[in-house]
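Hi everyone, thanks for coming. Please have a look at the structure on the screen, and I'll walk you through a few parts of it.

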Amino acid sequence: MSIVDSRRLGATLSPERLFGGLLLLVFVALFVDLLRRLVVGELAIGTFTTFLWNGIVDGLIIGLAAIGLSMTYSILRFANFSHGDLVTTGAFSGWTAAYLVGGVGIAELSSRLLLRADGGAAPGDMNMQILAEPIAIVVGLLTAAVVTVLVALSIDKLIYRRMRQAGGIALLIASVGVALALRYLIAFVYTSSTRGVTATAPQYEASWIVWTDSVNLHQATMVLSALALMLGVHLMLQYTKLGTAMRAMADNRDLALITGIPTERVVWATWVIGAGLAGVAGYLVVLDRGVITYNLGWFLLLLIFAAVILGGIGSIYGAIVGGLVIGLATNVSLVWIPSDLNEVAAFGLMIAVLIFRPQGLFGGVETA
Amino acid sequence: MSASDRIGGRISDARRAVEERTEGFSRWQVDLLLVFGFLLASYVLFVLFGLALGLSLNGIVSTLRRVTYFAAVYAILTLALNLHWGYTGLFNIGVAGFMAVGVYAMAILTAPVDGSPAGLGLPLPVGIVGGMAAAALVGLVAALPALRLRADYFAIVTLGLSEIIRLSVLSGSLREFEVAGLELGTGGGSGISFTATNSVIPWLLDLPVLSALGDALFAVGAAVGIQSSVIQSALYTLVLLACVIALYVLLARIAYSPFGRVLKAIREDELAARSLGKHTKTTKITVFMLGCALMGLGGILWQGGRGFVTPDSFLPILTFYVFVALIIGGAGSNAGSIVGGIVFAAALWEGPPFVRRIVDANLSVRSPPTIYDAVVAADPLALLGYAVGNLDQIRFMLVGVVLILLMLWRPDGVLGHRKEIAAATDLSRRPRTTATAADGGREESDE
């Protein structure tokens, strides 16, 4: 046996590979157990499909927010810890706009302007649901995107632009500072109380839906908006000049510079798209959950990071798939573990995948 | 010249002036001066605060005790993080998680057997050593996969791990469990009670010589009006200070040992260190475990004094506090870590509540319930009242802004990333007559 061969054998039998193999065995065992439970009737089919549906709903939102994080990761080359608070910014600005529009003549300006900080403007009185107030909710959605983009662009102008030449870790630390400042600025203005902002979601009942007999229309709005935006990002990346430039810059920044790609403009577009999607994701999360709180995005951030890392940093499609995997993992894991440990399952999955495949599922090429 | 350059330049000027004035001292003497200077400055600040509030001597001593306590616990945690990040370049943002492991392991080891949740009822020293060992062990488990990753991936994995730990101890399913016939538990969201670490003070005061000293101290305290409870807490704070000094000595020894040189080599260029035959992987795992054990110790000394702990004490933001302290002091410097701990505890942690108390005492403003009411009132005092009423939020914002400004203007902190002298003689100290040097006679700086 030549030296090269024995080395290759050594590499295949490394502890990491062994661990990865064990992990794969665990997943296979879990899958077999799932089938067994379904066949024996220990787990009702209806319960399982509900887990799956919730997983997809959560996954799409995480994926939507993850696109922006993945873009800033590959184009600006740093892990942006303030991304979660851009999600929060979208949630608060969007719902404030929805309340301003939808609450005319119903509630006082002060309650609407500060999104119920004083406890006024009960969501029931406002009838804040998609069928009763469609215009207010769409205005809120658009405002969420616009305000978040403006906030992200001003932060870039104030802070990140001065640090373009700094290393990834320096930018990461600065983004932690941005995250803290932004989150507690929101808490300062809107108070730190958690409150409900949407009315009970209307249900659409139909026999043709396979997994259940009624669909929550807020969840449906969320799924459709997320899918449409993801399609839009896909078309933009593949078929526009800007998309090509972004992919080129993500792949090789220096090469992009010498081929005359206006990198500052690409950075600008990255913030516009990434922050816009983050803002919309925050707004839609609140539409689904019904409650808003100042650390909403911060607690989502780790799941978003998990999605980006799972998919492979820099890959937009990886971020979407990673989001779905994380969403499904948090919900389907409920088959085996209590609900207060479902995020543990998601983070555990992220760490496990990193051991098995450090570059992520779609990693290897850092191209959008 | 931008404002940032100007301020950065001014800080450098001030630093150079300090260096020139301390020419005759060796580096550790300068460090000692700096640490005591910052400690003294914060004491002066809080004595002034206390006088402004009209506190009694007892109140002022109690305040200084509190500041010292937080300065000490942050210094311990910052020293441990400095070992990871400052010396080895391991970007660990799971500090809160390793603290939690240390505290919870100690809690389970020392909690009474008939308590709720029950523990093992072991003595305190076993608990402390066990807690540190548990934190080191979790560090090992984390290090094995995570150290193969890029720095930013590593950061996120450690943060994820710290959340896994926090959510696990919070979980109702681990509230009480049975291992090999033993009833154990984390207490879930309602927390766990255990033997408090400050119970060493009564134990120390029972020793032959110390008891006489203690009695004398209490007598003096009673004479000048300092309560015995304040003295008891002050004695525990002294124990913490002793830990800081011991840790500083240990880490300084490590930094100047061959092992420490490997750490710095890994920080600067891991590939080069490996190609020179250093076992970088084993070194990184060892140093990671050591740092985690010290983070566990920091957690134990901090939370252990209360004899009760809940998962809420280990939110991820705690990690970033330690990072702010480290960056203020400057990564890569042990003395800087202590300075950072002092500055963080005094200026960012204990200072703002005092500002609120002083404003509350001197201005009779009622805080409006919302910012809308404050703005509509069109009264600067109403706005001030709202700001003071929401000082916690402002304090967090301040931490964020300080972090941003430091990264923009002074990423190396007060004492960061100093060049370490590897040669037997100090080659950087050349005669200052370099007018004919090839570099055009620019003055050599020591940095």
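Let's begin with one serine: A:Ser110 is buried, with a relative accessible area of 10%. Buried means under 20% relative accessible area, exposed means over 50%, and partly exposed is in between, using a 1.4 Å probe and protein chains only. A:Ser110 is found in helix α5 of chain A, residues 109–113. Helices (H or I, at least four residues) and strands (E, at least two) are DSSP runs, numbered from the N terminus. And what is A:Ser110 in contact with, leaving aside its neighbours within four places in sequence? With A:Asp118 and B:Tyr372, where contact means heavy atoms within 4.5 Å.

A quick word on the ground rules. This is a predicted model, where local features need pLDDT of at least 70, side-chain atom pairs count only at pLDDT 80 or more, and totals for chains, interfaces and linings use all residues. Residues are numbered from 1 along each chain as its sequence is written, chains are lettered from A and ligands numbered from 1 in the order in which they are written, and side-chain values use heavy atoms, with hydrogens and water left out.

Now, chain B. It has 17 helices and four strands, and buried residues make up 50% of its 447 residues.

On to the cores. A nonpolar core is a set of buried Ala, Val, Leu, Ile, Met, Phe, Trp, Tyr and Cys residues joined through side-chain atoms within 4.5 Å. The largest one has 233 residues, and A:Phe81, A:Trp95 and B:Tyr74 have the most contacts inside it. Helix α3 of chain B, residues 57–87, gives the most to this core, with 15 residues. Apart from it lies another core, of eight residues, including B:Phe46 and B:Ile60.

Finally, the rings. Rings of Phe, Tyr and Trp (its six-membered ring) pair if their centres lie within 6.5 Å; planes under 30 degrees apart count as stacked, over 60 as edge-to-face and the rest as tilted. Over all chains there are 28 aromatic pairs. A:Phe81, which we met in the core, forms an edge-to-face pair with B:Phe320, at 6.3 Å centre to centre and 70° between the planes. A:Phe81 lies in the loop between α3 (45–75) and α4 (83–102) of chain A, and B:Phe320 in helix α13 (residues 317–329) of chain B, so this pair joins two chains. Both A:Phe81 and B:Phe320 are buried.
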